[in-house]
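I opened a new notebook page for this chain.

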Amino acid sequence: MSTSGGSEEPGQRGAVQTIDCETHPDRYELQYQLFRLRKKFEEAKKRYRQEKEVWLKEKEMLLRELAEIQLEVKAEKQDVEKTSQETREVFGSERKEQKQLLANIHSAAMDLRKQLETSERNWSKEKMELLEQFDHERKQWESQLKDMQRKIEQVLYLAYVKYHAETLWKDVKMLLPI
């Protein structure tokens, strides 16, 4: 009994070492794939944050420009209303230019407002697309992770079966008279 117990242990170590040698590259390959997937996910998150930050800065700039233009429009409107009838008659051509300028400023303000609204709609669409893309990639990564886990389990199961088959074969050899 003690002889067979002592002889099984080195054989077991050899089988485990053989199993490790056989599964070691697969395990590292799976770990490397998982690392690459995580890195890709982090890069996508970083890109999303950067694009959002750029968009928010652009939105803030457009809102400031819009506020400035609206203040200018308001100031111009007040200036125009304050001028007297005599000044209006004397400076009729200037008044027309001011009205044209006011109309241009107002038009520019409306254009900026439209651009801002369009930009917000586009950002909403782009955000939804990015979220859908991130969700799709996350699902792919989860699927790949499950596949990797399944493959690892298969390799471990095969190693387990091989180890026990070798052990059983050694026991059968010991029992059979040669």
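The entries below follow that list.

**Entry 1: ground rules**

I am working on a predicted model, where local features need pLDDT of at least 70, side-chain atom pairs count only at pLDDT 80 or more, and totals for chains, interfaces and linings use all residues. Residues are numbered from 1 along each chain as its sequence is written, and side-chain values use heavy atoms, with hydrogens and water left out.

**Entry 2: secondary structure**

I looked up the elements before anything else. The protein has 3 helices and 0 strands. I take helices (H or I, at least four residues) and strands (E, at least two) as DSSP runs, numbered from the N terminus. Along the sequence the pattern reads α-α-α. Helix 1 spans 2-82. Helix 3 covers residues 92-175.

**Entry 3: burial**

How much of the protein counts as buried? I find 16% of the 178 residues. Buried means under 20% relative accessible area, exposed over 50%, and partly exposed in between (1.4 Å probe, protein chains only). The areas come from the Shrake-Rupley method with a 1.4 Å probe, and for residues only the protein chains shown count as cover.

**Entry 4: the core**

Next I searched for nonpolar cores. Such a core is a set of buried Ala, Val, Leu, Ile, Met, Phe, Trp, Tyr and Cys residues joined through side-chain atoms within 4.5 Å. The largest one has 9 residues: Leu62, Leu66, Ile69, Val73, Leu102, Ile105, Ala109, Leu112 and Leu116. Helix 1 and helix 3 are the elements that give two or more residues to this core. Helix 3 contributes the most, 5 residues. In soluble globular proteins, nonpolar side chains tend to be buried together.

Ile105 sits in helix 3. Ile105 counts as buried because its relative accessibility is 14%. From Ile105 to Ile69 I get 6.8 Å, C-alpha to C-alpha, across 36 residues of sequence. Val73 belongs to helix 1. With a relative accessible area of 14%, Val73 is buried too. Val73 and Leu101 are 28 residues apart in sequence, and their C-alpha atoms are 9.3 Å apart in space.

**Entry 5: salt bridges**

How many salt bridges does a search of the whole structure find? The count is 8. My criterion is a side-chain nitrogen of Lys or Arg within 4 Å of a carboxyl oxygen of Asp or Glu. Side chains of opposite charge can pair when their charged atoms come close.

- Asp135 bridges to Lys139, with the closest N and O atoms 3.4 Å apart. Both lie in helix 3, 4 residues apart, about one turn of the helix. Asp135 is partly exposed at 28%, and Lys139 is partly exposed at 47%.
- Arg138 meets Glu142 at 2.8 Å, N to O. Arg138 has a relative accessible area of 33%, so it is partly exposed. Glu142 comes out at 38%, also partly exposed.
- Asp147 pairs with Arg150, and the closest N and O atoms are 3.7 Å apart. Asp147 and Arg150 are separated by about one helical turn because they are 3 residues apart in helix 3. Asp147 is partly exposed at 33%, and Arg150 is partly exposed at 39%.

Which residues are linked in a network of salt bridges? I noted Asp135, Arg138, Lys139 and Glu142.

**Entry 6: surface patches**

Last, the surface. Patches are made of residues with over 30% relative accessible area and no salt bridge; like charges are joined within 9 Å, and nonpolar side chains (Val, Leu, Ile, Met, Phe, Trp, Tyr) within 5 Å. Lys and Arg count as positive and Asp and Glu as negative, while His and the chain ends are not counted. Each charge is placed at NZ of Lys, CZ of Arg, CG of Asp or CD of Glu.

A negative patch gathers Glu51, Glu126, Glu129 and Glu132. Helix 3 supplies the largest share, 3 residues. Glu132 is in helix 3. Glu132 counts as exposed because its relative accessible area is 54%.

Tyr157, Leu158, Tyr160 and Val161 form a nonpolar patch. Together they have about 460 Å² of accessible area. I placed Tyr160 in helix 3.
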